[in-house]
Amino acid sequence: MEARISIITLGVADLSHSYDFYRQLGFPTHSHPEEGIVFFSTAGTRLALYPADSLADDIKPGLTVNETGFGGITLAHNTRSKEEVDEVLALAERCGGRIVKPAQDVFWGGYSGYFADPDDYLWEVAYGDCWQFDDNGSLVLD
């Protein structure tokens, strides 16, 4: 198996609402909610939105969506500057996201905060002064 994540699929309550949220954040797509699934282009990985009940049923017929809150996973958007962390969090809030943790200096020496999307998926927005990015905007891990 090649070490690669091709698609991250989020099960969402309202496909059109979540589509609008991510479009307003600037995620590019040629998909439309009427197609039943939406794919967004990102550097290296695709983000998909799919109705949560349909996703649960695809995994195992009869499986139901668990509404317990934090599911033990976060998504991350790493920035090239500390100021950009604040800008992205403000944009997420303007687009209908909820700030969960305001940006602040963190224990590992960086600067980060968290927002929740319309379905409460948690996104960390973070900056580290030692981080480097490749030509596609992906974090270089050397």
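Q: How many salt bridges does a search of the whole structure find?
A: The search finds two. Keep in mind that this is a predicted model.

Q: What makes the contact between the side chains of Asp105 and Lys82 a salt bridge?
A: The N to O distance is 3.1 Å. The cut-off is 4 Å between a side-chain nitrogen of Lys or Arg and a carboxyl oxygen of Asp or Glu, so the pair qualifies. Asp105 belongs to strand E5 and Lys82 to helix H3, and 23 residues separate them, which is how the pair links distant parts of the chain.

Q: How do you know whether Asp105 and Lys82 are buried, partly exposed or exposed?
A: Asp105 has a relative accessible area of 56%, and exposed means over 50%, so Asp105 is exposed. Lys82 reaches 34%; this value lies between the 20% and 50% limits, so Lys82 counts as partly exposed.

Q: Why do the side chains of Arg98 and Asp120 count as a salt bridge?
A: Their N to O distance is 2.6 Å, and the limit is 4 Å, so this pair also meets the criterion. Arg98 sits in strand E5 and Asp120 in the loop between E6 and E7, so the bridge ties together parts 22 residues apart in sequence.

Q: Why does Asp117 have no salt bridge?
A: The nearest side chain of opposite charge, Arg98, is 7.9 Å away. A salt bridge needs 4 Å or less, so Asp117 goes without one, although this residue is buried.

Q: What surrounds Asp117?
A: Asp117 lies in the loop between E6 and E7. A polar atom of its side chain is 2.9 Å from the backbone nitrogen of Tyr121. Leaving out residues up to four places away in sequence, Asp117 touches Leu10, Phe21 and Tyr22.

Q: What makes E4 and E5 edge strands in their sheet?
A: The open sheet has four strands in the order E4-E7-E6-E5, with mixed pairing. E4 (75–78) and E5 (98–105) each have a single partner strand, so one side of each is left without a neighbour in the sheet. From one strand to the next, the twist averages 15 degrees.

Q: How do you know that E5 and E6 pair?
A: There are five bridges between E5 and E6 (residues 111–116), in the antiparallel sense. Arg98 stands opposite Ala116 in E6. Helix H3 (residues 82–94) packs on this sheet and touches E4, E5, E6 and E7 (122–127), with its direction at about 10 degrees to that of E6.

Definitions and conventions. Residues are numbered from 1 along each chain as its sequence is written. This is a predicted model: local features need pLDDT of at least 70, side-chain atom pairs count only at pLDDT 80 or more; totals for chains, interfaces and linings use all residues. Side-chain values use heavy atoms; hydrogens and water are left out. Two strands pair if DSSP finds at least two bridges between them. Helices (H or I, at least four residues) and strands (E, at least two) are DSSP runs, numbered from the N terminus. Axes are lines fitted to C-alpha atoms, for helices over the stretch in contact, and angles run from 0 to 180 degrees between N-to-C directions. Contact means heavy atoms within 4.5 Å. Buried means under 20% relative accessible area, exposed over 50%, partly exposed in between (1.4 Å probe, protein chains only). Lys and Arg count as positive and Asp and Glu as negative; His and the chain ends are not counted. A polar contact is a pair of N or O atoms within 3.5 Å; within protein, one must be able to donate a hydrogen and the other to accept it, and residues adjacent in sequence count only if both atoms are side-chain atoms.
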